[in-house]
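Some questions follow about aromatic rings and the labels given to them. Each answer sets a value against its cut-off.

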Amino acid sequence: MVNVEVLGLLAVTVGINCSVVANSFVKLLKGLPLLQVVAARFLLQSVVTIAVVAALRSYGQPIRILGPPGQRHLLVIRAICFSASLGCSWSAIQVLPLGIATSILYCNPVICGLLVHYVLKLEVLTPSFFAQAFVSLIGVVLIAFPVETEKLEPRDVVKGVVLAFTAAVLMAVGQSVIRLMDQVHPIEIELFQDVITALVFVPCCFLFSGGEIVLSDWTSERIFYLAMFTLAGLAACFLVITGFVLAPVTKATLFTYVEVPSSFLAQVLYFHHVPRASKIVGASLIVLSVVVKFLAEAWSQDAAAARARKGHPSPEELTVEDSGDLVEQQPLLSDIRDEQGEVQ
């Protein structure tokens, strides 16, 4: 039987690569007003999500349209943070090279881990987390500064960097809120997100900005890009949400770093933009810090499990004198009962 945590981490990995595909298509939509892109994306995505929910409900799945009553305030917070984060990150991607914008966004896992530990107090941070955070932030600085400005105005560079950092903070808050949700199906989170964004956030933005959708701007090529952008983005959202539900936040965020090398690869292959040596070093530091942290945590868990097994008595050795330790050993005793059942 596959471990639930492993499934969660696999979902995050696949979802993050879908996000790279989506970001590549949004870069191809440069030239269109971003508000039009966001409006079209979420309208189309809402239709797809509603169709999926209708299909699941027809098969008897208890999908709640507005989510569980006690969790709706969390769904609203998550929707606001996530929508604002996407808007900022898409704006940054249209200004900066894809790999650079994506790498700056990866202050997000560090911020997310700090929020979950210090604010929500849901998970414990190890020294390896802080070591990894320090090294990865050095990598982000190497990538972000200096930005190649041959084809960019200095004002656009500053704008792109600020937008990317803002998106990182908002994304961290949104991902941390997911961890507070209980008994919420990932598709309920996605449905709430899409409907609220399409029917509330985007119309409000149009109202206050005075923007409008110009249909003549949408050529057949741009409509195709939008469709691919939406499908890849929807797959990314659903898989990443699933991963953060199934796996601990600190581990799930580690696997989101896959997006950094994937984005640089897309930048080179699809946009023919070869990064400088300092950018490659920065990306390598980010990935290396994550790999080392993951291996360190895996070794630590294996060592703890080995110590627990070594100090745990066999069923035959358990006596009345051991009863004082039964409360502390309860999780291990349940394993013993399972093993005895298998033998019988």
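Q: Are F42 and W90 buried or exposed in this predicted model?
A: F42 is buried, and W90 is buried as well.

Q: Why is the pair of F42 and W90 called tilted?
A: The ring centres are 6.3 Å apart, and a pair requires centres within 6.5 Å. The planes stand at 35°; stacked needs under 30 degrees and edge-to-face over 60, so the remaining class, tilted, applies.

Q: What makes the F42 and W90 pair a link between parts of the chain?
A: F42 belongs to helix 2 (residues 34-58) and W90 to helix 3 (residues 72-95), so the pair ties together parts 48 residues apart in sequence.

Q: How do you know that the charged end of R41 sits over the ring of F42?
A: The charged end of R41 is 5.5 Å from the centre of the F42 ring, and the distance limit is within 6 Å, along with an angle within 35 degrees of the ring normal. The charged end of R41 also sits over the ring of F229, 4.6 Å from its centre.

Q: How many aromatic pairs are there by this rule?
A: The count comes to 6 aromatic pairs. One of them joins F25 and Y225, with centres 6.0 Å apart and planes at 45°, so this pair is tilted. F25 lies in helix 1 (residues 4-28) and Y225 in helix 9 (residues 220-246), so parts 200 residues apart in sequence are tied together.

Q: Why does F25 count as buried?
A: F25 has 17% relative accessibility, and buried means under 20%. Y225, at 16%, counts as buried too.

Q: Which residues do ring pairs link into a cluster?
A: The cluster consists of F25, F224 and Y225.

Notes
Residues are numbered from 1 along each chain as its sequence is written. This is a predicted model: local features need pLDDT of at least 70, side-chain atom pairs count only at pLDDT 80 or more; totals for chains, interfaces and linings use all residues. Side-chain values use heavy atoms; hydrogens and water are left out. Helices (H or I, at least four residues) and strands (E, at least two) are DSSP runs, numbered from the N terminus. Buried means under 20% relative accessible area, exposed over 50%, partly exposed in between (1.4 Å probe, protein chains only).
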